[in-house]
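Colleague: I am new to this model and would like a close look at one part of it, the salt bridges. Please take me through them slowly.

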Amino acid sequence: MKLSIIIPVYNSIDDLKRTLELFQARSLSDYEIIIVDDCSLNRISDSVQFDGNRIKYIRHAHNQGAGAARNTGLRSAESDFIQFIDAGDIISIDKLNQQLSCLDSRKNTDVVFSDYKIFHERYNYTEEIIFRKKRETIFEYLLKGNLLHLGAMIFKKDCLLSEGGFDERLPQCEDWDLWIRLAMRGYHFTYLPGYKAYYIKSSLSSLTQNMSSWLFGLEEMIKKLDNDAVFLNKAGNKKLGFFSSIYFLAAWRLQFRRRYLSSLRYYKKSLLLDAGMLFKNSIILFVKYLFFICSRVLNNGCRKKELDY
């Protein structure tokens, strides 16, 4: 078995059908699809027909979260290479072939990542994420934000298992936490240029409902890293700026949702850790907002975002 494609799903039956149709409509050989139903209200298997030779269906007895669902799929995978994709997202078959070829040809590579696009359904707006190679290490890059997209990556299974997979205690931000752990332990990330994945970001309603769990995930990730000797040694004097940026991100999202008192608390945390980083992030956010407005007016709802790596 060449590749294991793991799809966690919770209630998103229509999204899952679209994702499965993507693989069934294209020529891809030597793969398996593992669907992990995180105790959806209605059994996914009652609504979706599965090809028993290609597709494994696993159902959790109770809801455990996306990280646990991905870990269940990871433990069941028969391949040495892993592709995670969320129900409803799109990846190209070229992505799979090219990234697998990269892993085969570069024996020291553990993770391959590529450019991707985000489609914001609420605003009918597409954002293109492009990486530019710089002198920074992938670890230093990840301290800037959670800018890698799960669907635009392929992993060697061994590196994921050696780190214990996703932290199931984190209801959100479990992906960012794993990327940082892999990078700081010295696993090798390779960048393969070109758009390889398309992330469909639905309306903000679901994110708003999960804001508390997102904040909890951020706080728990900070606590973990602040007590990890390897992280502290590798991050050095960048630690405070990193934590300040995380609190700034939380403050901005809370402000955007008109939770102003909570937002002020997080702005204060960001300020106390690194006032310079707070000012820098404020300028960056203002510029991004201007680009967002201009791109919607001048470029038919599409913005290209180049990120240094």
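Is glutamate 78 buried or exposed?

Modeller: This is a predicted model, in which local features need pLDDT of at least 70 and side-chain atom pairs count only at pLDDT 80 or more, while totals for chains, interfaces and linings use all residues. Residues are numbered from 1 along each chain as its sequence is written, and side-chain values use heavy atoms, with hydrogens and water left out.

Glutamate 78 is exposed, at 52% relative accessibility (exposed means over 50% relative accessible area, buried under 20%, and partly exposed in between, with a 1.4 Å probe and protein chains only). Its side chain meets that of lysine 56 in a salt bridge, 3.3 Å from N to O; the term stands for a side-chain nitrogen of Lys or Arg within 4 Å of a carboxyl oxygen of Asp or Glu. This pair links distant parts of the chain, 22 residues apart, with lysine 56 in strand β3 and glutamate 78 in the loop between α2 and β4 (helices are DSSP runs of H or I with at least four residues, strands are runs of E with at least two, and both are numbered from the N terminus). Lysine 56 itself is partly exposed, at 25%.

Elsewhere, aspartate 177 forms a salt bridge with lysine 224, the closest N and O atoms being 2.9 Å apart, and here the link runs between helix α6 and helix α8, across 47 residues. Aspartate 177 is buried, at 1% relative accessibility, whereas lysine 224 is partly exposed, at 24%. Both belong to a network of salt bridges that also includes Asp167 and Arg169.
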